[in-house]
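Hi,

Here is the model I promised to pass on.

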Amino acid sequence: MPPGRGGALVTAPTLLQAEHLSGYFQVGGGFFRPRKVLRAVDDVSLRVRRGETVGLVGESGCGKSTLGRLLLRLIEPTAGRVAFDGQDLTLLSAEELRRLRRRMQIIFQDPYSSLNPRMSVRDIVGEGLQIHRMVQGRAALEERVAELLQRVGLRPEHRERFPHEFSGGQRQRIGIARALAVQPEFIVCDEPTSALDVSIQAQIVNLLLDLQESLGLSFLLISHDLKVVEFMSHRVAVMYLGRIVETGPTAEVFGRRAHPYTRALFSALPVPDPARRSLRVLVEGDPPSPIDPPAGCAFHPRCPRAQRGRCDVETPRLLEVTGGSGHRVACHFPEE
Amino acid sequence: MSDAETSSAPALEVRGLVAGFQTERGLLRAVDDLSFSLPRGGTLGLVGESGSGKSVTSLCVMGLLPEPHGRILAGSIRLQGRELVGLPEREWQRLRGAQVAMIFQEPMTSLNPVYSVGAQIGEAVRLHRKVSRRDARARAVELLKLVGIPDPAERVDAYPHQLSGGMRQRVMIAMALSCEPSVLIADEPTTALDVTIQAQILELLRSLQQQLSMSVLLITHDLGVVAHHVARVVVMYAGRLVEEAPVAELFARPLHPYTRGLLRSIPPVGSSRLGEARPRRLPTIEGLVPSLLDLPGGCRFAPRCELREPRCEAEEPVYREIAPGRQVRCHRAEEALS
Ligand SMILES: Nc1ncnc2c1ncn2[C@@H]1O[C@H](COP(=O)(O)OP(=O)(O)OP(=O)(O)O)[C@@H](O)[C@H]1O
Ligand SMILES: Nc1ncnc2c1ncn2[C@@H]1O[C@H](COP(=O)(O)OP(=O)(O)OP(=O)(O)O)[C@@H](O)[C@H]1O
Ligand SMILES: [Mg+2]
Ligand SMILES: [Mg+2]
């Protein structure tokens with residue numbers, strides 16, 4: 001029985017758990033200029049259950065891709081830990097990590113730079129299959145690659161071609177086929193459909209849902225497309241300047257929008273209907289700097305509800321909105 | 001973006017464009033007999049299936065089709081009345097950036113990983129304007145601020161890999177706008193941006209259009225963006241034009257079955273709150289796009305079309321105007337009109 005999306009899968013076992021995870025970068029520096037610390041991800045805790053999709057949304061540059069990479073230990077965390085199926089990733093040896101890689105994959109946000117230009121599509125999609133000895137012989141490899149390409153709406157003859165011979169959306173689908181090839185249990189999908197027209201997007205969304213239902217796959221779905229996130233996710237997390245500011249079951253978070261930033265996000269959503277070209281409410285002010293974040297609540301300089309002496313002083317903690325719902329928000333004055 | 005004031009020559013006029021690639025298995029026509037016109041100060045939306053030839057069209061307009069495999073085989077592209085097809089590269093260099101600029105679909109195709117973004121924007125500025133390095137850098141900071149990059153004075157020295165996907169995209173936008181082009185080709189300019197920054201960028205383009213009477217060809221998969229920001233829309237499928245209409249009419253009464261399928265595939269807003277009523281899957285258009293090297297004889301959409309009848313497989317429909325301002329390529333379009 002497939003679990004209903006939009007509500008949390010409270011009983012499914014945990015597959016991935018991140019605790020107090022941070023990822024900082026050193027930036028700047030040079031003659032006469034000191035190096036500075038950029039807090040891309042700052043003390044984030046997150047759980048993904050088996051068979052669950054957790055949607056991750058937030059402003060461009062708020063740390064979503066960095067968080068995705070930290071979860072897979074593609075970059076080293078500054079602090080915190082990640083456990084995958086009970087194993088602490090930060091403690092694994094290179095060899096152990098390599099073996100675990102098959103079980104956790106990523107669809108990169110930027111298909112162009114994530115595909116090796118000198119490899120044919122066959123080699124790109126088939127590489128993992130060969131490394132992890134998942135197919136025996138040339139013919140089986142050919143067949144499996146052809147099948148994967150077809151599932152993402154490409155054609156078997158595309159095997160022979162090289163990345164530069166494809167359109168943006170075709171390249172994105174090569175990245176999806178590569179991630180699916182090794183039959184992972186968990187995939188970080190970083191903007192997986194951003195280059196696709198809505199009909200192919202629908203095909204990919206359906207494919208991911210099919211795989212989730214038949215194989216119990218889990219996804220972290222990073223996307224600016226709130227409609228796709230809403231359609232696919234059991235739970236969502238809204239990020240702002242390196243931190244999670246609201247999280248919970250999708251229907252709760254997207255329905256109630258307790259954090260003013262979540263509200264702002266929805267008010268800017270362009271509805272695909274020319275008759276509703278209404279004036280939209282936009283977030284005022286400049287996006288904040290992760291190098292020199294505002295004191296107190298990071299959103300306060302742009303927040304319509306901010307109160308002097310509180311929001312600019314005290315960092316709000318992520319607290320439950322109503323008991324038992326799992327809906328949490330980091331705001332001193334959440335929307336009712 | 002506002003409708004254009006009428007003026008003698010359109011900002012950009014493409015007629016009968018055929019372009020493609022010489023591949024090992026024959027000539028691949030990525031764009032096949034494409035025509036459209038972009039009015040001065042106006043915005044035209046270009047939508048269509050992934051792989052239908054939208055980016056190839058923009059590369060043709062920019063004179064950047066990759067040589068020697070890529071070629072324009074026929075047709076004309078006029079920029080403010082001036083023919084661009086066959087223009088020598090020396091002339092192109094004067095036009096590109098200053099007269100016609102492009103926001104590329106994939107930022108990393110045009111950002112150089114070994115230079116800071118400030119150096120790259122500065123260089124774009126200095127290509128067409130006699131300014132000192134210092135002033136070019138100041139202009140780069142100003143442009144980064146304009147596109148909403150926090151800490152522009154600090155980030156101007158960042159390398160592309162140190163920026164997020166959406167920040168790189170905004171650097172590209174800054175570069176394209178740096179010389180205030182009269183025609184801007186925006187190929188999926190906001191795919192890496194959240195909806196609030198997307199709205200700010202589109203607002204920025206709109207105001208530049210008014211100030212500079214810049215014209216924009218907006219290629220996008222985001223039908224929300226189409227609905228809010230363009231006046232007319234052109235729809236492509238497998239290298240062909242299949243429909244053109246004013247935006248409100250396209251959404252209210254799509255005439256081509258592909259356009260209808262596309263509009264149906266948009267995920268509903270508020271789906272998480274539908275409970276039991278939430279659809280399990282999204283509607284799709286069944287089947288695959290035909291191979292451009294092995295096209296079906298009749299209508300290119302026929303193999304996937306729910307209205308297919310024998311004549312659709314036998315003869316390709318011509319692209320025709322069936323109502324004022326409404327062009328379509330479908331034998332059965334009249335049925336959708338009535
Ligand atoms: N290698 C790096 N060195 C320095 N800074 C980095 C690096 N990678 C990311 N950053 C910075 O970390 C912050 C978060 O970037 P990230 O790519 O995680 O954002 P994002 O939420 O994925 O944004 P987008 O929606 O635009 O893709 C940004 O300010 C970015 O400039
Ligand atoms: N260098 C190349 N060599 C051979 N074929 C190519 C080359 N570049 C593009 N193509 C093919 O030309 C067709 C049109 O590509 P184009 O990039 O214009 O598509 P698009 O409409 O922009 O798609 P998307 O929405 O996915 O970006 C595609 O089928 C693609 O595979
Ligand atoms: Mg990102
Ligand atoms: Mg393209």
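Arg280(B) and Glu213(A) form a salt bridge, with 2.7 Å between the closest N and O atoms. By salt bridge I mean a side-chain nitrogen of Lys or Arg within 4 Å of a carboxyl oxygen of Asp or Glu. Between chain A and chain B the count is seven salt bridges.

Before you dig in: this is a predicted model, where local features need pLDDT of at least 70 and side-chain atom pairs count only at pLDDT 80 or more, while totals for chains, interfaces and linings use all residues. Residues are numbered from 1 along each chain as its sequence is written, chains are lettered from A and ligands numbered from 1 in the order in which they are written, and side-chain values use heavy atoms, with hydrogens and water left out.

Back to the two chains. There are 24 residue pairs in polar contact between chain A and chain B, both residues at pLDDT 80 or more (a pair of N or O atoms within 3.5 Å; within protein, one must be able to donate a hydrogen and the other to accept it, and residues adjacent in sequence count only if both atoms are side-chain atoms). On the side of chain A that touches chain B, H7(A) gives the largest share, 11 residues. Helices here are DSSP runs (H or I, at least four residues), as are strands (E, at least two), numbered from the N terminus.

Overall, 75 residues of chain A are in contact (heavy atoms within 4.5 Å) with 68 residues of chain B. The two chains bury about 5900 Å² between them, with 55% of it on carbon and sulfur atoms; that is the accessible area (1.4 Å probe) lost on putting the two parts together, summed over both. Val198(A), Phe231(A) and Arg277(A) supply 11% of the area that chain A buries against chain B, more than any other three residues.

One residue of helix H7 of chain A is Gln201(A). Gln201(A) is buried at a relative accessible area of 4% (buried is under 20%, exposed over 50%, partly exposed in between; 1.4 Å probe, protein chains only). Leaving out residues up to four places away in sequence, Gln201(A) touches Thr193(A), Leu196(A), Asp225(A), Val228(A) and, from the other chain, Pro267(B).

Then there's the metal. Ser65(A) (OG) and Gln109(A) (OE1) coordinate the magnesium ion (ligand 3) at 2.0 to 2.2 Å. Donors are N, O and S atoms within 2.8 Å of the metal (3.2 Å for Na, K and Ca), and water is not among the atoms, so sites may look incomplete. Ser65(A) is partly exposed at 21% relative accessibility, whereas Gln109(A), at 18%, counts as buried.

Cheers
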